[in-house]
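Please keep the sequence and the 3D view at hand while reading.

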Amino acid sequence: MTDLTIDLGFIKLKNPVIAASGTFGYGLEFAPFFDLSKLGAFVVKGLYFSPRPGNPPPRLVEAPSGLINAIGLPGVGVRRFAEEILPQLRKIKTSIIVNVCGENDEEYASVVEFLDKEEGISAYELNISCPNVEKDGLCPALDSEATFSVVSLVKKTSSRPVITKLSPNVTDIVEIALSAQEAGTDALSLVNTLLALSVDVEERKPVLGNIFGGLSGPAIKPISLRMVYQVVRRVKIPVIGMGGISSGRDALEYLITGAKAVEIGTANFIDPEASIKIIEELKDYCEENGIERIEDVIGTIKR
Amino acid sequence: MIKDPQARIIGKKSWKDYYLFSLESPRIASQAHPGQFVMVRITSHSYPLLRRPFSIHFKDERNIEIFFKITGSGTGILSQKKSGDTLDILGPLGKGFHAGETLRGKDVVAVGGGRGIAPLYFLAHELRSHGAAVKIFYGGKSHEDLPLKAKFEENGFELFCSTDDGSFGFKGLISDYLQTDLQTFTPARIFACGPEPMMEKIAEISQSGDIPTEFSLESVMGCGFGACWGCVKRIRKNNDEGWVKICEEGPVFSGEDIIWTEVEK
């Protein structure tokens with residue numbers, strides 16, 4: 001019997017598989033397909049303080065082995081989340097992580113301040129890296145000072161652990177990671193989507209309503225994996241890896257590289273049971289290879 | 001909503017770029033209503049990545065049918081599947097047409113443009129089973145874009161065809177043909193599916209004649225079950241308007257709720 005549990009220091013997960021924000025709705029959308037309590041954790045869709053409409057369509061376009069999205073973080077806001085959704089999530093026996101958004105540092109803090117009064121949340125994931133809400137993909141995660149500023153304010157406000165989600169759209173992700181660590185984040189998750197463009201040749205215009213979008217899916221896996229490799233060597237806090245994971249072997253690449261857990265994103269759309277399949281495949285791998293604890297796999301990459 | 005990873009293709013017909021697949025999927029068939037759709041996984045590999053949405057063209061006790069045209073790489077690869085192959089499908093998804101008892105004894109019209117005819121065959125059967133008298137308007141660019149003509153006729157549906165080039169039936173748009181017919185006839189409801197300009201024109205016609213109308217909308221979809229928020233359309237709801245997920249609250253919407261053209265802000 002393999003031990004799949006992971007200790008992130010601030011929460012213990014029953015396995016290293018976390019459903020990623022923006023691809024898992026508020027969780028309940030997946031309840032018809034499987035028992036959500038089997039997940040290591042799930043991260044609900046990004047929440048601003050107030051409800052938001054999101055971007056004009058088209059919001060999605062496929063790319064080779066990838067998906068470009070410009071959804072623009074539509075959502076119900078914190079009040080409706082706390083009143084209508086969270087009570088249903090509390091019944092699920094796994095860790096619920098809330099993805100926190102803001103137009104400025106104060107909004108991030110106000111979301112956290114509001115949700116801190118609500119039970120049933122294990123941690124916050126700070127979405128400082130969405131490329132679809134400001135012009136040209138601007139977001140705090142592109143700058144180490146902006147990252148430090150928002151993370152330290154949220155850490156001051158929050159009574160719960162904070163995971164900071166980083167952007168790949170930077171020259172040196174290690175610099176941003178170190179800045180978030182210095183500001184006190186409890187963990188890092190990387191990476192968010194890659195800023196991307198798709199052009200309609202007939203119409204000679206961008207396909208997406210927002211012009212740019214964020215690329216996710218199998219196409220980005222080698223890039224995000226490289227960034228996890230760079231970051232785990234330089235930080236002391238746990239790193240959660242994500243980008244293009246759709247099988248147990250993909251997840252193992254991240255764990256071997258040094259990620260303590262993984263988030264499953266785009267794969268949830270293609271196979272709503274993808275996360276469960278990945279947990280099974282991790283278990284099978286460990287059993288076939290005589291590995292008693294999945295934690296023994298983490299960071300075992302050879303030079 | 002059911003995931004059926006092994007829906008077997010038990011029948012396949014094709015007409016140039018148009019395809020009709022029969023899929024054995026008893027659990028999905030037993031729950032399906034006209035206007036609902038299925039998400040079909042094209043390949044187990046990563047290209048094309050996303051499932052593709054197809055409305056349910058018809059069902060019997062054990063099987064469902066999908067009807068599609070090759071419009072890109074996904075439908076191109078799908079068209080190459082053979083009888084006996086299995087497909088991974090999710091369904092039935094979304095909310096369908098209102099085709100119930102309230103239409104008994106009433107005249108109704110179903111308008112399909114091109115591949116938009118797909119959900120209307122199932123709908124026509126349902127309407128007839130509830131005692132409604134159904135007229136089908138079926139339009140295409142050319143004669144070869146009306147591959148289901150014979151199927152409707154053989155099943156005894158009253159059919160009115162148009163082609164843009166005049167190679168068969170009324171020469172011109174199907175919405176113009178409908179407008180001509182409505183000068184002497186007022187149906188209790190109009191159902192429509194097809195290109196957006198066609199549906200927008202029908203919305204104008206039906207609003208001026210005060211005829212309730214239901215449209216089945218189309219969009220690129222990431223998941224088909226409400227998780228990605230990718231397939232939105234501008235919809236009026238409770239005296240407000242907003243971006244509404246087609247997969248979850250549609251794909252069928254009442255004509256008066258759809259905002260066809262978004263004004264630039």
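The model is a predicted one.

**The contact between chain A and chain B**

Chain A brings 30 residues to the contact, and chain B brings 22 residues. On the side of chain A that touches chain B, the elements that give two or more residues are strand S5 (60-63), strand S6 (66-69) and helix H7 (267-270) of chain A. By class, that side of chain A consists of 18 nonpolar, eight polar and four charged residues.

**Helix H2 of chain A**

Which residues of helix H2 (residues 105-115) of chain A are buried? They are Tyr108(A), Ala109(A), Val111(A), Val112(A) and Leu115(A). These residues lie on the same side of H2(A), because they cover an arc of only 155° around the axis. The cover over the buried residues of H2(A) includes strand S4 (41-47), helix H1 (77-89), strand S7 (95-100), strand S8 (123-127) and helix H3 (144-157) of chain A.

**The domains of chain B**

Chain B is divided into domain 1 (2-93), domain 2 (101-215) and domain 3 (217-265). The centres of domain 1 and domain 2 of chain B, taken over C-alpha atoms, are separated by 24 Å. Where these two domains meet, 13 residues of domain 1 of chain B are in contact with ten residues of domain 2 of chain B. On the side of domain 1 that touches domain 2, strand S4 (52-59) and strand S5 (63-69) of chain B each supply at least two residues. S4(B) gives the largest share of that side, five residues. The residues of this side of domain 1 divide into seven nonpolar, three polar and three charged.

**Strand S2 of chain B and its partners**

Strand S2 (residues 18-24) of chain B is mostly covered, with six of its seven residues buried. S2(B) pairs in the antiparallel sense with strand S1 (residues 2-15) of chain B over seven bridges, and Lys13(B) has Leu20(B) in S2(B) as its bridge partner. The hairpin of S1(B) and S2(B) has two residues between the strands, and in this hairpin Lys16(B) takes a positive phi near 50°. S2(B) also pairs with S5(B), again in the antiparallel sense over seven bridges. Here the bridge partner of Glu24(B) is Asn63(B) in S5(B).

**The seven-stranded sheet of chain B**

An open sheet of chain B is formed by seven strands in the order S10-S9-S8-S7-S11-S12-S15, with mixed pairing. Strand S10 (170-171) and strand S15 (252-254) of chain B are the edge strands, each pairing on one side only.

| Strands of chain B | Sense | Bridges |
|---|---|---|
| S7 (107-113) and S8 (133-140) | parallel | seven bridges |
| S8 and S9 (158-163) | parallel | six bridges |
| S9 and S10 | parallel | two bridges |

How does the chain pass from S8(B) to S9(B)? It crosses through helix H4 (residues 149-154) of chain B, and this β-α-β crossover is right-handed. Ala110(B) has Ile136(B) in S8(B) as its bridge partner. Gly139(B) stands opposite Ser162(B) in S9(B), and Ser162(B) in turn stands opposite Phe170(B) in S10(B).

Technical notes: Residues numbered from 1 in each chain as written. Chains lettered and ligands numbered in written order. Predicted model: local features only at pLDDT ≥ 70, side-chain atom pairs only at ≥ 80, totals over all residues. Contact = placed C-beta atoms within 7 Å. Helix = DSSP H or I, 4+ residues; strand = E, 2+ residues; numbered from the N terminus. Nonpolar A, V, L, I, M, F, W, Y, C, P; charged D, E, K, R; others polar. Buried ≥ 20, exposed ≤ 12 C-beta atoms within 10 Å, placed from the backbone. Arc of directions from axis to C-beta. Domains from an automatic or database assignment. Pairing = 2+ DSSP bridges. Right-handed = clockwise from strand over helix to strand, strands pointing away.
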